[in-house]
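Visitor: I am new to this structure and would like a close look at one part, the ligand and its surroundings. Please take me through that site.

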Amino acid sequence: MNATRFARLLALCALIGLAPLAVSTPSRASGGEEKPQDVQWSFDGPTGTYDRAALQRGYKIYREVCVSCHSMNLIYYRNLEALGYNEAQIKNIAGEYTYMDGPDDEGEMFERPGMPSDRFKAPFANAKQAAAANNGAIPPDLSLIAKARAGGPDYIFSLLTGYEEHAPHGHVLQNGQHWNRYMSGNVISMAPPLADGQVTYEDGTPQTLEQYARDISHFLMWAADPYMEQRKQTGLKVIIFLIVFAGIMYALKKKTWKDAH
Ligand code: HEC
């Protein structure tokens, strides 16, 4: 193969390699938003794991702040075991909520305390009620939000810390709208939900907006991908197995062909 043909082939390979990038770049109509910050997480990389203390703090933020608007319909109280809570603690947490159940033997609906087998209690009965309480905007379910948005936990962290008090000159916000550097189109119908000192941490972790944003993003990543740790472990084992297996096969090949010339 001569040099020009080789160069052409190389260019073609590069093009094929780059094609998926061009396709997967999200094309957003509005533009103005910034790319999420690149945050360091304990669950980054092929051996990264969730930080149980961060998950518990994140859950505390969810149930003291976000839960007044956002449901997490795919998560059950019993799933909290993964955060390091024991059975009794989970029973207590679930028991703080009231659920409508029934009908009983008389055909009546009745209220009962929550149980570990219940889904996280949702703040609104339906989407219409949620919209009515939020100037017409529906707070999305947060169970899978860390997977549903490009950037995942980086995006959630950036969003929660990316509010501006005023819209830039020339932009007008409607009632209930806020300016956010990372929201698609910059305009969001969620008031800044977190501020310094809002949630009490018992473990001495700084009670700052930035720390809150880190912890709730950590928690939401776990909610969207609760089996990440097991998956990484399996992947690692498979790779180690393949390396060892390749070594054995190579040794076998050398032995088999030792006398052939
Ligand atoms: C007072 C109600 C309220 C509270 C409290 C609240 N949110 Fe929201 N949130 C909303 C509404 C309404 C939207 C939809 C905004 C829109 O589409 O413009 C939203 C949207 C979001 C989004 C999606 C943004 C996007 O990319 O579309 C995320 C993520 C989010 N909230 C996270 C949180 C977290 C985390 C908390 C708790 C720290 C929280 N919210 C607390 C009302 C609330």
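Guide: A donor here is an N, O or S atom within 2.8 Å of the metal (3.2 Å for Na, K and Ca), and water is not among the atoms, so sites may look incomplete. This is a predicted model, in which local features need pLDDT of at least 70 and side-chain atom pairs count only at pLDDT 80 or more, while totals for chains, interfaces and linings use all residues. Residues are numbered from 1 along each chain as its sequence is written, and side-chain values use heavy atoms, with hydrogens and water left out.

The iron atom of the ligand has two protein donors, His70 (NE2) and Met190 (SD), lying 2.0 Å from it. His70 is in the loop between helix H2 (52-64) and helix H3 (87-95), and Met190 is in the loop between strand E5 (187-188) and helix H7 (209-224), so the pair ties together parts 120 residues apart in sequence. Helices (H or I, at least four residues) and strands (E, at least two) are DSSP runs, numbered from the N terminus. The iron site has six donor atoms with angles of 84 to 179° and is octahedral, a term for six donors with opposite ones over 155 degrees apart and all others between 65 and 115.

Around the ligand are 22 residues, each with a heavy atom within 4 Å of it. The closest are Cys66, Cys69, His70, Tyr155 and Met190. Helix H6 (residues 152-161) gives the most to this shell, with three residues.

A polar side-chain atom of His70 is 2.8 Å from a nitrogen atom of the ligand. On the oxygen side, an N or O atom in the side chain of Arg149 lies 2.7 Å from a ligand oxygen, and a polar backbone atom of Ser189 lies 2.8 Å from a ligand oxygen.

Methods
A polar contact is a pair of N or O atoms within 3.5 Å; within protein, one must be able to donate a hydrogen and the other to accept it, and residues adjacent in sequence count only if both atoms are side-chain atoms. Four donors count as tetrahedral if all angles lie between 85 and 135 degrees; four count as square planar and six as octahedral if opposite donors are over 155 degrees apart and all others between 65 and 115; anything else is irregular.
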